[in-house]
Amino acid sequence: MERELTLELVRVTEMAALASAQWMGRGRKIEADDAATNAMRTMFDSVCVNGTVVIGEGEMDEAPMLYIGEKVGNSQTPEVDVAVDPLEGTNILAKGLPNAMSVIAIADRGNLLHAPDMYMQKLAVGPKAAGLINLDDPIEKTLEIVAKANNKRIVDCTVMILDRPRHQELIEAVRGAGARVRLIGDGDVAAALATAFEDTGIDICAGIGGAPEGVIAAAALKCLGGDMQARLVPEDDAEYQRCLSMGIQDPNRILTMNDLVKGDDAIFAATGVTDGELLKGVRFRGGEIAETYSLVMRAKSRTVRTINTVHNLQYKPHYSLIKEK
């Protein structure tokens, strides 16, 4: 993949973030998600890739665009897998809470796990603990390993966990080990990503969340030298059979980083929609001026760029798309 793609992808996440940010705090998550999806799909027409959506807004009969299998981009090469979440954290945005983002990950064709839309158990850590974790270890053991790798005491470590009833046992185990817990309502891509940045104070992201988000998070961590292990959690036989139909021969096995994102290259881009640990949200400065804050990185070079962009919406080709409410 060409490195110039990094900036092309940022333009796509920027547009989705601008479109959805107007719905912040309005309590209307469906409209916000639709705005982000429409903007992202429209901007993809300007990206020089031959892309196939492998993680998107659902099956063809469930989503009008950015559905699984849809072709995106305006070129014959490079051939890439595309994983998107136009608005990661729809509930977050609807409530005006932190860490809503627009995200994209791409890799060479065939290199992203075609994850079915179901639950996935995940364990994510930053670069210093990469290669040391095992999903089947008790969280107490994982805390010992990660604390040592990060040169911390266990009592100084923080584990980020989705605030769900299914995680009560995990939460109590972390607290019992002496570590701190940071509960979040949604947004586990941002949570996994936070483990790779020391200034967030997050050492581990653990628990069960969405499988598609797990693959996107793995692509981001691959760019940063972090690590993730995961396991699909089909809830019934239909979901188990769906795993088999998508080429996952043993849905119960641990998926390593190289199962989630094969090869040595991937590109990840994110633009903040609401303020978070890593990115500021969209700022509307008055008149037709808006400002975005983005992160883009590439696994092959381990380059990480933060991009602050000032937009004059009057000169955007899709301004009417952004402006509609």
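**Close-up views of a predicted model**

**View 1. Arg-231 forms a salt bridge with Asp-136, with 2.9 Å between the closest N and O atoms.** The model shown here and in the following views is predicted. Arg-231 belongs to strand β9 (residues 227–233), while Asp-136 sits in the loop between β5 (119–125) and α4 (139–149). The two residues are 95 residues apart, and the pair links distant parts of the chain. Arg-231 has a relative accessible area of 17%, and because the limit for buried is under 20%, Arg-231 counts as buried.

**View 2. Arg-164 and Asp-186 join two loops through a salt bridge.** Their side chains meet at 3.0 Å, N to O. Arg-164 is in the loop between β6 (158–162) and α5 (168–176), and Asp-186 is in the loop between β7 (180–184) and α6 (188–194), so the pair ties together parts that are 22 residues apart in sequence. Both residues are partly exposed, Arg-164 at 22% relative accessibility and Asp-186 at 24%.

**View 3. Asp-137 and Lys-141 meet in a salt bridge through their side chains.** The N to O distance is 3.8 Å. Lys-141 is partly exposed, with a relative accessible area of 43%.

**View 4. A network of salt bridges links Arg-41, Asp-45 and Glu-70.** The count of salt bridges comes to 17.

**View 5. Domain 1 (3–112 + 266–322) and domain 2 (119–260) divide the chain.** Their centres, taken over C-alpha atoms, are 24 Å apart. The contact takes 26 residues from domain 1 and 23 residues from domain 2. Between them the domains bury about 2,000 Å², with 74% of it on carbon and sulfur atoms. One salt bridge is found across the interface, and three residue pairs are in polar contact between the domains. On the side of domain 1 that touches domain 2, β3 (79–88), α3 (90–95), β4 (101–108), β10 (267–272) and β12 (289–298) each give two or more residues. The largest share of that side, four residues, comes from β3.

**View 6. The largest nonpolar core has 53 residues, of which Met-228, Leu-260 and Phe-268 touch the most other members.** Helix α7 (residues 211–224) gives the most to this core, with 10 residues. Domain 1 and domain 2 both give residues to the core, so the core lies between them. Beyond its neighbours within four places in sequence, Met-228 is in contact with residues including Leu-123, Ile-133, Ala-217, Leu-221, Leu-255 and Leu-260. Another core, of 40 residues, lies apart from this one and has among them Ala-21, Ala-39, Met-40 and Met-43.

How values were computed. Residues are numbered from 1 along each chain as its sequence is written. This is a predicted model: local features need pLDDT of at least 70, side-chain atom pairs count only at pLDDT 80 or more; totals for chains, interfaces and linings use all residues. Side-chain values use heavy atoms; hydrogens and water are left out. A nonpolar core is a set of buried Ala, Val, Leu, Ile, Met, Phe, Trp, Tyr and Cys residues joined through side-chain atoms within 4.5 Å. Buried means under 20% relative accessible area, exposed over 50%, partly exposed in between (1.4 Å probe, protein chains only). Domain bounds come from an automatic or database domain assignment. Contact means heavy atoms within 4.5 Å. Buried area is the accessible area (1.4 Å probe) that two parts lose on being put together, summed over both. A salt bridge is a side-chain nitrogen of Lys or Arg within 4 Å of a carboxyl oxygen of Asp or Glu. A polar contact is a pair of N or O atoms within 3.5 Å; within protein, one must be able to donate a hydrogen and the other to accept it, and residues adjacent in sequence count only if both atoms are side-chain atoms.
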